[in-house]
Amino acid sequence: MTMTGATQGPLAGRHAVVTGGSRGIGLAIAQALADAGASVTLMARDAARLDSAAAELRAIATARRVLAVTVDVADEASVNAAFVVARDANGAIDILVNNAGVAESAPFAKTSVEQFERLIDINLKGVWLCTQAFAAGLPKETAADAPWRHVVNVASTAALKGYAYVAAYCAAKHGVLGLTRALALEWARRRVTVNAVCPGYTDTDIVAAAVANITAKTGRDADAARMELARSNPQAQLVTPEQVANAVRWLVSPGAESINGQAISVSGGEI
């Protein structure tokens, strides 16, 4: 798991954990942080996809160590065990990116309790559990010259506004933003920043699933369905995972320590 390439960069010597790191936005974030010199622990549920992502990340010469750890973010025991493995392999965790999430749509009246609980468990409870596991490694007393640590929660524009037919998803993401703002205040004097990035429709597997759902229900072709989703963006395009990753990289880099408790919209001006 140890890499032999250069270790220079603004995040050299730092250890970042990225949940949902096997694809899409999570993998793009992991790549951006590794490129900046950080050691990266990727966490996700799908072991095969996770191993493939880790192999891809190890090809980046500036990353020092890349670790792949399977985890169910909605399960406390699984999360705690994964964070122990991460610390044992790569040392204290300096950066946590809570990216793991799932999106499902249904009219409110047809959203089952089971579906609601699944979306809350993964999108909100998962952020809670992973952040508690991160907090377990924080020093009880913080020296004035201690290195800064950072938590970035990948929320959504659905944390900032409502969308029809995704009430449970909106509720979960609004919860993530509330948690972000509360912890930002609680940890403000512990040299820990807590922020959220809120992407609009992003070109990922989640959007691909939404496109498939639109085509199945309306008969429109895939290109028309993608255009419908992109229409909410004033720039008339889908956000790219790399654009979200660039925002995360900025938030955890030296010089951004006063950015705290913020919800950074990455949506072309939608919010």
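Biologist: What are the ground rules here?

Modeller: This is a predicted model, so local features need pLDDT of at least 70 and side-chain atom pairs count only at pLDDT 80 or more, while totals for chains, interfaces and linings use all residues. Residues are numbered from 1 along each chain as its sequence is written, and side-chain values use heavy atoms, with hydrogens and water left out.

Biologist: Start with the core. Which residues touch the most other members of the largest nonpolar core?

Modeller: I29, L33, V40, L42, L57, V97 and V197, out of 35 residues. A nonpolar core here is a set of buried Ala, Val, Leu, Ile, Met, Phe, Trp, Tyr and Cys residues joined through side-chain atoms within 4.5 Å. Buried means under 20% relative accessible area, exposed over 50%, partly exposed in between, with a 1.4 Å probe and protein chains only.

Biologist: Which elements each supply at least two residues?

Modeller: β1 (15-19), α1 (24-35), β2 (39-44), α2 (47-58), β4 (95-98), β5 and α8 (241-251). The largest share, eight residues, comes from α1. Helices (H or I, at least four residues) and strands (E, at least two) are DSSP runs, numbered from the N terminus.

Biologist: Where is A38, and is it buried or exposed?

Modeller: A38 is in the loop between α1 and β2. It is buried, at 0% relative accessibility.

Biologist: Now β1. Which way do its residues point?

Modeller: H15, V17 and T19 point one way, A16 and V18 the other, and all are buried. With five of five residues buried, β1 is largely enclosed by the rest of the structure.

Biologist: How do β1 and β2 pair?

Modeller: In the parallel sense, over five bridges. Strands pair if DSSP finds at least two bridges between them. V17 of β1 stands opposite T41 in β2.

Biologist: And α8? Which residues are buried?

Modeller: P241, V244, A245, A247, V248 and L251. They cover an arc of only 160° around the axis, so they sit on the same side of α8. That arc is taken from the directions from the helix axis to the C-beta atoms. These buried residues pack against α1, β4, β5, β6 and β7 (263-266).

Biologist: Switching topic. How many aromatic pairs?

Modeller: Two. Rings of Phe, Tyr and Trp (its six-membered ring) pair if their centres lie within 6.5 Å; planes under 30 degrees apart count as stacked, over 60 as edge-to-face and the rest as tilted. F134 and W187 are tilted, 6.3 Å centre to centre with 50° between the planes. F134 lies in α4 (113-135) and W187 in the loop between α5 (167-186) and β6 (192-199), so the pair ties together parts 53 residues apart in sequence. Both residues are buried.

Biologist: What about Y163 and Y201?

Modeller: Their ring centres are 6.2 Å apart and their planes at 65°, so that pair is edge-to-face. Y201 is partly exposed, at 32% relative accessibility.

Terms used: Contact means heavy atoms within 4.5 Å.
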